[in-house]
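Subject: The structure for you to look at

Hi,

Here is the structure I promised to hand over. Please open it alongside this email, and then read on for what turned up in it.

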Amino acid sequence: MPHSRSGAGSDNRPPADADPDSDGWTHAEEIAQGTDPFVDDRGQDLDGDGLVTEVEFALGTQPDNPDTDDDGLSDGEEDADHSGTMDIGETDPLLWDTDGDGISDSEDASPLEIGQENALDTTGMTEPLIL
């Protein structure tokens, strides 16, 4: 039987609350997000969407999926300034339809504008403002 490290699980994996790569995220958080818990990948763009892992964690997007909300815009396009926060003028990388009019952000001619009628919108509704 292999010798177990102090604090490690019976199969020699680190405990869920450990941070084996010292990048600020626990083993469990990294497994849940699809990142490598043994590599400090804060500054890496694992999915090629223009956002580094640290920004993806701040936004709540998936670092291994370039379009977390499947709306046709990459997470990096939606967080255009790559700040890790949703700013005025940016669509939400966690919502397929940021303004709630039933049209995906990539297909919506005015995904953030107040009261704009949209030629693609067949509901007849105008678009509410969501910041």
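Let me start with Thr35, whose side chain makes a polar contact with the side chain of Glu30 at 2.8 Å. This is a predicted model, so please take that distance as a computed one. Thr35 is found in the loop between H1 and H2. Is Thr35 buried or exposed? With 6% relative accessibility, which is under the 20% cut-off, Thr35 counts as buried. Leaving aside residues up to four places away in sequence, Thr35 touches Glu30, Asp41, Leu46, Thr53, Phe57 and Pro63.

Phe57, one of the residues that Thr35 touches, also takes part in the one aromatic pair that the structure holds. A pair of aromatic rings is described by the distance of the centres and the angle of the planes. Here the rings belong to Trp25 and Phe57, with centres 4.0 Å apart and planes at 15°. Planes under 30 degrees apart count as stacked, so this pair is stacked. Which parts of the chain does the pair tie together? Trp25 lies in the segment before H1, while Phe57 is in helix H2 (residues 53-59), so the pair links parts that are 32 residues apart in sequence. Both partners fall under the 20% limit for buried residues: Trp25 is buried, with a relative accessible area of 11%, and Phe57 is buried too, at 18%.

Next, the charged residues. How many salt bridges are there? The count comes to one. Asp40 forms this salt bridge with Arg42, and their closest N and O atoms are 2.5 Å apart. Asp40 is partly exposed, with a relative accessible area of 34%, and Arg42 is partly exposed as well, at 30%.

Pro15 is partly exposed, with a relative accessible area of 31%.

Now for the chain as a whole. Its secondary structure comes to three helices and zero strands, and from the N terminus on the elements run α-α-α. Of the 131 residues in the chain, 37% are buried. The chain exposes about 7300 Å², with carbon and sulfur atoms supplying 53% of that area. Among contacts with a separation of 6 or more, 26% are between residues 24 or more positions apart.

Finally, a word on confidence. The mean pLDDT of the chain is 81, and 78% of the residues reach 70 or more. Over residues 1-9 the pLDDT is below 50, and beyond near neighbours in sequence this stretch has ten contacts in the model. Where pLDDT is low, the predicted coordinates should not be read in detail. Which helix has the lowest confidence, and which the highest? Helix H1 (residues 27-33) is lowest, at a mean of 83, and helix H3 (residues 75-78) is highest, at 97.

Note on methods. Residues numbered from 1 in each chain as written. Predicted model: local features only at pLDDT ≥ 70, side-chain atom pairs only at ≥ 80, totals over all residues. Heavy atoms only, no water. pLDDT = per-residue confidence, 0-100. Helix = DSSP H or I, 4+ residues; strand = E, 2+ residues; numbered from the N terminus. Contact = heavy atoms within 4.5 Å. Phe/Tyr/Trp six-rings, centres within 6.5 Å; stacked < 30°, edge-to-face > 60°. Buried < 20%, exposed > 50% of the residue type's maximum accessible area, 1.4 Å probe, protein only. Polar contact = N/O pair within 3.5 Å; in protein donor to acceptor, adjacent residues only side chain to side chain. Areas by Shrake-Rupley, 256 points an atom, 1.4 Å probe, with all protein chains shown as cover. Salt bridge = Lys/Arg side-chain N within 4 Å of Asp/Glu carboxyl O.
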